[in-house]
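Visitor: I have a chain open here and would like to talk it through with you. Could you take me from the whole fold to the details?

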Amino acid sequence: KGKCPEDGWDESTIELFLHELAIMDSNNFLGNCGVGEREGRVASGLVARRHYRLIHGIGRSGDISAVQPKAAGSSLLNKLTNSVVLDVIKLAGVRTVTSCFVVPMATGMSLTLCFLTLRHKRPKAKYIIWPRIDQKSCFKSMITAGFEPVVIENVLEGDELRTDLKAVEAKIKALGAENILCVHSTTSCFAPRVPDRLEELAVICANYDIPHIVNNAYGVQSSKCMHLIQQGARVGRIDAFVQSLDKNFMVPVGGAIIAGFNESFIQEISKMYPGRASASPSLDVLITLLSLGASGYKKLLKERKEMFSYLSSELKKLADNHNERLLDTPHNPISLAMSLKNLDETNDAAVTQLGSMLFTRQVSGARVVPCGSVQTVNNYTFKGFMSHANDYPCAYLNAASAIGIKKQDVDVFLKRLDKCLKTFRKEAKQEKSINEISDSNTATEQLED
């Protein structure tokens with residue numbers, strides 16, 4: 001049926017299934033006589049076993065989704081994977097999605113492929129409207145495709161950084177709709193930035209007949225991000241949305257899903273991919289989803305949401321204990337931010353030093369963001385880089401509740417963060433005492449003189 005099974009399969013069943021697919025590929029036929037340049041020959045038995053002897057990859061030279069006659073098993077694997085993944089995207093909240101395919105590139109290059117496909121539809125266009133998010137790969141995806149990003153600064157509303165819709169529309173009018181390739185929006189992001197106002201952007205794109213590509217990097221795991229995409233497509237225009245395999249399905253880095261609501265456009269993108277492609281990302285995600293089943297994946301989504309609430313409440317307590325505060329970002333369903341105002345006032349290096357301390361204590365994924373850092377990416381200079389704004393009011397620390405996170409991860413992180421912050425407070429107290437003694441001695445000496 002091409003659906004994700006409700007209950008997960010055991011490993012021996014999955015392996016039997018993969019071996020059945022593999023014997024349909026010509027390189028595994030007993031009497032095969034190959035005289036071409038690409039015959040699925042593998043020198044190492046270890047490599048062959050690692051790939052379950054599915055060596056031919058997916059697609060043909062002109063279309064990544066096309067069936068390869070001498071690789072019937074690999075072609076079936078590809079079609080089944082795309083079908084199962086489409087089922088899971090619907091399950092996660094985008095009910096009206098019509099088509100998707102797994103591509104063996106991470107999110108940034110997959111976005112580039114979307115932009116290159118749009119180039120043929122809009123030959124005059126040279127600009128991409130991009131509400132700012134300080135993440136290098138999505139910025140580079142536009143540069144690599146040969147377009148000029150038009151950066152729209154975010155608006156500060158309370159603690160949150162939100163889409164400046166007026167600036168987007170003003171820029172479209174100034175540049176001319178025909179000169180704009182697309183609007184490139186974002187769902188999943190680091191707090192205090194929150195998902196773009198997708199519904200409003202989709203309406204603007206529909207009104208001006210401009211394509212809309214959504215970077216949904218790790219948004220599949222969030223019902224809120226998926227709801228925004230569903231609503232955007234319902235009220236306006238969303239041409240494609242791209243998501244990472246590793247961040248949403250806990251598989252190795254190297255694959256993404258390009259999905260959309262117009263099947264012919266998604267097929268155009270798949271035909272834009274030059275040559276055949278590695279089957280590894282498709283194989284990894286199919287094995288994972290067969291192992292989890294629909295019920296197992298839904299359980300992971302539920303646990304992630306529960307851990308977000310737990311992380312939020314516990315991080316707020318810790319922030320209060322250190323005279324800091326958990327930034328109020330209710331529109332961000334995955335990432336949280338805690339102010340580091342007192343730390344920032346201690347000395348300029350204290351914030352980045354905290355990041356180093358956490359990393360050496362085996363806390364990965366937490367980001368510390370100092371005020372005022374400047375970075376140049378492809379000749380574009382970002383002020384306040386990593387904070388998604390030129391002048392965010394305070395330094396802060398990020399932590400995220402992503403799929404697969406456990407209560408133990410949250411508890412250990414909070415314990416280590418607490419210890420690091422106490423170390424800074426102790427050092428600051430000692431330094432203050434030394435300064436007071438020094439000031440006192442100076443005053444005494446002045447009196448004696």
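Guide: Let us begin with the contacts: among those in the chain between residues at least 6 apart in sequence, 74% join residues at least 24 apart. Please keep in mind that this is a predicted model.

Visitor: What does the secondary structure of the chain come to?

Guide: The chain has 14 helices and 14 strands, and its C-alpha atoms fill a box of roughly 105 × 55 × 40 Å along the principal axes.

Visitor: And how much of the chain is made up of buried residues?

Guide: Of the 449 residues, 51% are buried, while the accessible surface of the chain comes to about 20900 Å², with 52% of that area belonging to carbon and sulfur atoms.

Visitor: On to the sheets, then. What order do the strands have in the sheet of 7?

Guide: That open sheet runs E1-E9-E8-E7-E6-E2-E3, and its pairing is mixed. Strand E1 (99-103) and strand E3 (148-152) are at the edges, and because each has a single partner strand, one side of each is left without a neighbour in the sheet. On average, neighbouring strands here are turned by 20 degrees against each other, direction ignored.

Visitor: How many bridges join E6 to E7?

Guide: There are 4 bridges between strand E6 (residues 180-186) and strand E7 (residues 212-215), and these two run parallel; within this part of the sheet, Val183 stands opposite His212 in E7.

Visitor: What about the sheet with 3 strands, what is its order?

Guide: The order is E10-E14-E11 in an open sheet with antiparallel pairing. Its edge strands are E10 (335-339) and E11 (367-369), each of which pairs on one side only, and neighbouring strands are turned by 25 degrees against each other on average, direction ignored. Strand E11 is joined by 3 bridges to strand E14 (residues 396-400), and Arg367 stands opposite Asn398 in E14.

Visitor: Which strands does helix H13 touch?

Guide: Helix H13 (residues 350-360) packs on the sheet and touches E11 and E14, its direction making about 175 degrees with that of E11. Helix H11 (residues 280-321), in turn, lies across E10 and E14 and runs at about 0 degrees to E10.

Visitor: Changing topic, which residues form the nonpolar patch on the surface?

Guide: Ile23, Met24 and Leu76 form that patch, and together they have about 260 Å² of accessible area. Ile23 is in the loop between helix H1 (11-22) and helix H2 (45-50).

Visitor: Why is Ile23 classed as exposed rather than buried?

Guide: Ile23 counts as exposed because its relative accessible area is 58%, and the cut-off for exposed is over 50%.

Notes
Residues numbered from 1 in each chain as written. Predicted model: local features only at pLDDT ≥ 70, side-chain atom pairs only at ≥ 80, totals over all residues. Heavy atoms only, no water. Pairing = 2+ DSSP bridges. Axes fitted to C-alpha atoms, helices over the stretch in contact; angles between N-to-C directions. Contact = heavy atoms within 4.5 Å. Patch = residues over 30% accessible without salt bridge, like charges linked within 9 Å, V, L, I, M, F, W, Y side chains within 5 Å. Areas by Shrake-Rupley, 256 points an atom, 1.4 Å probe, with all protein chains shown as cover. Salt bridge = Lys/Arg side-chain N within 4 Å of Asp/Glu carboxyl O. Buried < 20%, exposed > 50% of the residue type's maximum accessible area, 1.4 Å probe, protein only.
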